[in-house]
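User: I'd like to go through this one with you. Can you put it up?

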Amino acid sequence: MAAWDYPPEVHLLADLGVEIEADEASTVARIPVTAELLGPDDGVHAGVIATLVDIVGGVIAVRALHPDWMATADMSLQVVRPARGPVLEARGTVVRQGRTTLVLEVFVTDVPGDGTPVAWSTLTFAVLPRAADAPAPEDLPGLPRRSSFGPGRLDGHVLEAAGITATGEPGGMTMPVADYVRNTIGALQGGVVALFAEVAGAHAVAAALGTGRPAVAVELQVSYIALGRVGPMVTRVRSVTTDPATGSGRGVVELRDAGADDRLTTVVAVGAVSA
Amino acid sequence: MTDIRPAGHEVGAYFRFERWELPPPAGSEGPSAFAGRAPIDDHQRGPGGGLATGGLLTCIDSMGGLLCGLAVLPRWIVTASLSVQVLRARQVGPLGFHGRVLRQGRNSVVSSIEVVDEGDGGARVAESVVTCAVLDPGEMALGFSRPLVIPMPPPAAAPEGVESFFGIEPGEGPVTRLRLDDRLRNPWGILHGGAVATLVDVAARRAAAPDVVGEPATTGVMVHYLAPLRVGPVEARCTPVGTRADGTVVRVALHDTGAGDRLAALASVTVRAV
């Protein structure tokens, strides 16, 4: 699927109601904040913010690297206060474009608002050079100043829509790799990977704190190792530490593709605080 | 064949970081793993009493570079990004390191390194992921005795504090500077990745100090290495992004003031009180 045909009509990114606005100076992605996107603190899930960041980053990267392709290599996301909208806006810029990597920085704000970021992200894309014998690249179509991924029709909570379910163990989660959450090359979309890990990490921290209150993820450091193509995806959380005085904790989430010999696909460090 | 030390040897020697290669079992293929050990000399202890976070980051960066570099010989690598979670600020020491390659691709290699406190029953101290970009070593001959062993240097005759060793100027506030002394250069002639990470840690803690009640310590850091630092002085410019229950988030941008003020690294740091 070409980048400019993505996402298909029935897809999580379409249901989030993503709008893109781009010109020569900047690229912006927005989603309306609805109840279906909120976590226990009534702020937008960190993983949904990560998805928005990944989208704006992907749009920038596709245009910067054409005719080469790219894959997200890592992402750092810091949520510094609950994101409540009514619209969430991610604005990305290129920090450095090299031969093998593209590094971006994205600030996320509530709109309307005072412009103070609710989240800040840095992310690295690995450049995948076009093979020398590949067909001549299609011209990259001019991006309209405004475009929409879809109508924004999520009719259930985003975690249910993505198919994320708890296994019963602290931090144990599972989800299928359905077409609804695949990226342009048929693997689990990078932002959805972050959402999956976020839920697992916060669940594990809440269990370790043992207060009976849920926790919300406020920091994600995502290292993408391999693509999740088969599924179901499963999580394992290790090295959980807590600070009862601040009601916070950290843990490292491993994502594995159970249908592909339990292959390690992603390592995500998660910081979480009590809701 | 030149048997070079693949990281700035004065930096590694300063932390007395011994490392030894763990080749794959006979008959199996794949990259080597690595193990290591670093004592915590008193003059290298930081907030919370453990190894100064800069030292931890330096050892992790050095081991990650070895893991990834040996995996792609005869090519070599540069660190592209470093993600570290500091799980315990209090450490007895010595610290034990174990690293392995998670993924080896054509253009990049990803490794993970776990750190435990051998003096405290093997308690986990840090978890990290190091991503390296593969490059052509050019004229530099890379040769190593295999399996590679780098022994622990003797204690320093004249102990020097971490910030002084790394040429970090005393100060406070949002800007921290580092002199790029020759002993901080790696074999490529650029500032050692551990020195970059140490500057990031010190600068972020100084910038967050007004927002932190108690002694500031780094709990999480992600460093993107963007360009080599060759000239100096290096200036770390910090912007607090926000404060939440688990600490203050600081954006740190490193500029090479002697090279047109080029942006050379960008880091995200979470700082809390210990």
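User: Which strand does R263(A) lie in?
Analyst: R263(A) is in strand β13 of chain A. Keep in mind that this is a predicted model.

User: Is R263(A) buried, exposed or partly exposed?
Analyst: R263(A) has 16 other C-beta atoms within 10 Å, so it counts as partly exposed. The cut-off for buried is 20 or more.

User: What is R263(A) in contact with, leaving aside neighbours within four places in sequence?
Analyst: On that basis R263(A) contacts A226(A), R256(A) and D257(A).

User: And how far is R263(A) from T101(A)?
Analyst: Their C-alpha atoms are separated by 24 Å, and the two residues are 162 residues apart along the chain.

User: Switching to the two chains. How many residues of chain A are in contact with chain B?
Analyst: On the chain A side 35 residues are in contact, with 32 residues of chain B.

User: Which element of chain A gives the largest share of that side?
Analyst: β13(A) does, with five residues. Other elements of chain A that give two or more residues include β3 (69–79), β6 (119–128) and β10 (215–224).

User: What's the split by class on the chain A side?
Analyst: The side of chain A that touches chain B has 15 nonpolar, 14 polar and six charged residues.

User: Now helices. How do α2 and α4 of chain A cross?
Analyst: The axes of α2 (residues 46–65) and α4 (residues 190–209) of chain A come within 7 Å and cross at roughly 165°. An angle over 145 degrees counts as roughly antiparallel, so α2(A) and α4(A) are roughly antiparallel to each other. The crossing is right-handed.

User: Which residues of α2(A) and α4(A) meet?
Analyst: Among them are A46(A), V48(A), D54(A) and I55(A) from α2(A), and G190(A), L195(A) and E198(A) from α4(A). The residues of this contact divide into eight nonpolar, four polar and two charged.

User: What about α2(B) and α4(B), how do those axes cross?
Analyst: Those axes come within 8 Å and cross at roughly 150°. That makes α2(B) roughly antiparallel to α4(B), and their crossing is right-handed. By class, this contact has three nonpolar, eight polar and two charged residues.

User: How many residues of α2(B) are buried?
Analyst: 19 of the 20 are, so α2(B) is largely enclosed by the rest of the structure.

User: And what does α2(B) span, first C-alpha to last?
Analyst: α2(B), residues 53–72, reaches 29 Å, close to the 28 Å expected at 1.5 Å a residue.

Methods
Residues numbered from 1 in each chain as written. Chains lettered and ligands numbered in written order. Predicted model: local features only at pLDDT ≥ 70, side-chain atom pairs only at ≥ 80, totals over all residues. Axes fitted to C-alpha atoms, helices over the stretch in contact; angles between N-to-C directions. Helix = DSSP H or I, 4+ residues; strand = E, 2+ residues; numbered from the N terminus. Parallel < 35°, antiparallel > 145°, perpendicular 65-115°, else oblique. Left-handed = near helix turned anticlockwise from the far one by under 90°. Contact = placed C-beta atoms within 7 Å. Nonpolar A, V, L, I, M, F, W, Y, C, P; charged D, E, K, R; others polar. Buried ≥ 20, exposed ≤ 12 C-beta atoms within 10 Å, placed from the backbone. Expected span 1.5 Å × (residues − 1).
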